[in-house]
Amino acid sequence: MNRRSFLDNSTRAALAAALLPMASCQSTTSSDAKAEDSSSQSADASGPVNDFVLHEATVADLQARMAKGTETARSLCQHYLKRIEALNAAGPKLRAVIETNPDALSIADALDKERKAGKLRGPMHGIPVLIKDNIDTADQMLTTAGALALEGNRAAQDAFIVKQLRAAGAVILGKTNLSEWANFRSTRASSGWSSRGGQTRNAYVLNRSPSGSSSGSGTAAAANLCAVAVGTETDGSVVSPASSSGLVGLKPTIGLLSRSGIIPISSTQDTAGPMTRSVRDAAVLLGAMTGADPADATTRTAPAARLDYTAGLKPDALKGQRLGVEKQHLQGPPAASALLKAALEVLRQQGATIVEVEIEKYTNPLNEAEFDVLLYEFKDGVNRYLAGANAPVKTLADVIAYNRKNAEKAMPYFQQEILEMAEKTDGLGSAKYRAAVQKTVAGARKALNDALQQNQLAAIVGITSGPSWCIDLVNGDYSTGVSFSSPAAMAGYPHLTVPMGQVHGLPVGLSFVGAAYQEAQLLALGYAYEQASKLRKAPELRPSIL
C-alpha cells in the first residue's frame, strides 16, 4: 500500500521535491539503524554480489541448467539459501527475508525425482520463489503481515495462489519482510519496516528506502536472493518497490489472481503480483498463479486460467502501437523526467506513436475517497481473516490493544493511527462507504477509459515513482515528486513497471497501464521496451550515494 499517494500534504511534498530526492541519509534514523549502517559500510559486498553462481539468472537459465544436470532444484535452493544467509541478517543486513522454509529442500528433492522420472510440470518446475509474509502457506512458516501481534499464526491451508505455484512445481523458499500490515498502520511509517522483521534496505543504496509494502520481495529479487518473488498491492505496493529495486513488477487486473488466503486491505483493490528481474520471468510467474477460485468471486470474470503470457513477447511488439504519456510527468522532477523523455525516444524508435494525455488531473481528486474505501474494507477484511486464523488476536480491536500493551516492541518508532481510524468505521452498509467506492472506481475507470479509447491507445506510460528516499524511522516516508500507481489501483486495471534507468544509482521504472485483462498486451509492450533499452543493472549494495 502506497500511503504517500493520499497522505502527503503539500508542504511535505514541496519540501521533498525541492530538497530531498538526492539528500544524504543522515541523523534521522534510530541508533540501532545507525549501528547497522556502520556494519554495512564495513562489509565487503563485492564478492557476494559479483561472484554468485546464479547471478541474474532467469527462469529459463535455471531450467536449462537443470535440464543439463549441472544444477538441480535442491542445488538451486541451496545456492539461494546460502546467499540469504550471507546478505539478509549478516553482511549488509538487507532484512528482505523474514523466514526461510524448513521444508524447501525436501520439496526440491521430490521435484528432482519427478524430473528424473520424466515428469515436468512446466516452466516453474523446481524454481525457488519467495513470497510476501501476508500470504498463507500451510506449512511450518508463519503468516503475520510482519506484525508481532500475529506471531504464531500458522495457516490451515495454502492461499489459492500458493496452491497454484506448488501445482506448477515452484519451491516456496521462504517469506519476505514487508511494511507492517502492508503499509496500512501509521501515517508516519517507514516502508519496509515491520515489528517482526525490522527494516528492509534498498539493495542499490543501503540507506535508501526499498519502498513498500512489498519491500522484502523487491529487495530479495533485486539482490538475487531468489529466482522470482511475489508481492501484493493495494495501491503501489508491487510497482513502487519494483521501480525502486530495478525490477519488473506487475499489478494484474483485479480478479485475475485470487486473493483468498492473503491478509487483506481492500476487496476492491487488493491483488498479488510478480516481481522479477525480467519481463519474461514476470509472464511465466503470472501464468503459474492464475486460476478461478471458488473462494474469490472476482476470479470468475477473468479469462481462461493459466494463459501462456510469454507467447506474445516479441522484440517488435511496439511497432505501430499508439501510447499515451501522462502529461504531468513530462514536467515532473527533472532527473526522473529526463529518464521518461529518453524512454519515449526509445519507444518511438521501436515504432510507437506517442500522444500526451492527462489522467492524474482527474484521479488525484479521488484520493480522499479512496482512503475511505480502504479504511472501511480493511476493518471488514481483517476481522474476517482473523476470525478464521490461528493468531492470538481475533479482531482488529485486539490488534490495536496488543500494540498498545506491547508498544515498546510493536510500536518503537511510529504509532497505529490508520488501524485506529479503520476501527472507527461503521461497516460496509454505510452510505459513506458506498459513495466512496462508486466515486473512486467509476472516476478512475472513466479517466483511463476515456484516454485509452478516445486516443486509440494500447497503453498509457509514465514514471512509476521517483528515485528512492532516505530511510527515516523518525518522520517516515516522504515523496520524491512523482507516482503513477493510483489510477490503475483505483480502477482495478493492470499496471506493469519496467526499469528505465537510474538517478545517482537509484532505479526508476517506466509504467505501462492498460485496460482490464490486458496483461498480455502490457507484457508484450514492456518486453519490447526492455529488449530495446536493457536498463536493468544489478545492485552493488552501496552504503550511500555519496
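1. A few ground rules come first. This is a predicted model, in which local features need pLDDT of at least 70 and side-chain atom pairs count only at pLDDT 80 or more, while totals for chains, interfaces and linings use all residues. Residues are numbered from 1 along each chain as its sequence is written, and side-chain values use heavy atoms, with hydrogens and water left out.

2. Next, confidence. pLDDT is the predictor's confidence in each residue, from 0 to 100. The protein has a mean pLDDT of 92, and 90% of its residues reach 70 or more. Please read two stretches with care. Over residues 8–23 the pLDDT is below 50, and the model gives this stretch 26 contacts beyond near neighbours in sequence (contact means heavy atoms within 4.5 Å). Residues 27–46 also stay under 50 in pLDDT, with 32 contacts beyond four places in sequence.

3. Now a helix pair. Helices (H or I, at least four residues) and strands (E, at least two) are DSSP runs, numbered from the N terminus. Helix H6 (residues 73–87) packs with helix H7 (residues 104–116) at an angle of about 155 degrees, and their axes are 7 Å apart. That angle makes H6 roughly antiparallel to H7. Here axes are lines fitted to C-alpha atoms, for helices over the stretch in contact, and angles run from 0 to 180 degrees between N-to-C directions. Angles under 35 degrees count as roughly parallel, over 145 as roughly antiparallel, 65 to 115 as roughly perpendicular and the rest as oblique.

4. Which residues of H6 and H7 make the contact? From H6 come Ala 73, Arg 74, Cys 77, Gln 78 and Leu 81, and from H7 come Ala 104, Leu 105, Ala 108, Asp 109 and Asp 112. By type, the residues of this contact divide into six nonpolar, one polar and three charged. In this scheme Ala, Val, Leu, Ile, Met, Phe, Trp, Tyr, Cys and Pro count as nonpolar, Asp, Glu, Lys and Arg as charged, and the others, Gly among them, as polar.

5. Helix H12 (residues 279–289) is mostly covered, with ten of its eleven residues buried. Buried means under 20% relative accessible area, exposed over 50%, and partly exposed in between (1.4 Å probe, protein chains only). The buried residues of H12 include Val 279, Asp 281, Leu 285 and Met 289. Just after H12, Gly 291 takes a positive phi of about 145 degrees.

6. Val 284 counts as buried because its relative accessibility is 13%. Leaving aside neighbours within four places in sequence, Val 284 is in contact with Val 59, Pro 123, Met 124 and Thr 310. Val 284 and Ala 60 are 224 residues apart in sequence, yet 9.6 Å apart in space, C-alpha to C-alpha.

7. In H8, Phe 160, Ile 161, Val 162, Gln 164 and Leu 165 are buried. Their cover includes strand S2 (128–132), strand S3 (171–176), strand S6 (228–233), strand S8 (271–276) and H12. Gly 169 follows H8 and has a positive phi, near 100 degrees.

8. Some backbone details deserve a second look. Most residues other than glycine have a negative phi, and most peptide bonds are trans. Asn 183, in helix H9 (residues 180–183), is not a glycine but has a positive phi of about 70 degrees. Lys 534, in the segment after helix H22 (519–533), also is not a glycine, and its phi is positive, near 45 degrees. Are these residues buried or exposed? Asn 183 counts as buried at 4% relative accessibility, whereas Lys 534 is exposed, with a relative accessible area of 59%.

9. The loop between S5 and H10 holds Ser 213, and the peptide bond from Gly 212 to Ser 213 is cis, with omega near 10 degrees. Asn 207 sits in the loop between strand S5 (198–199) and helix H10 (215–222). Asn 207 counts as buried at 9% relative accessibility, and its side chain reaches the backbone oxygen of Pro 543 at 3.4 Å.

10. Finally, Val 437 lies in helix H20 (residues 431–454) and counts as buried at 19% relative accessibility. Not counting residues up to four places away in sequence, Val 437 touches Val 373, Glu 377 and Ala 442.

Notes:
A polar contact is a pair of N or O atoms within 3.5 Å; within protein, one must be able to donate a hydrogen and the other to accept it, and residues adjacent in sequence count only if both atoms are side-chain atoms.
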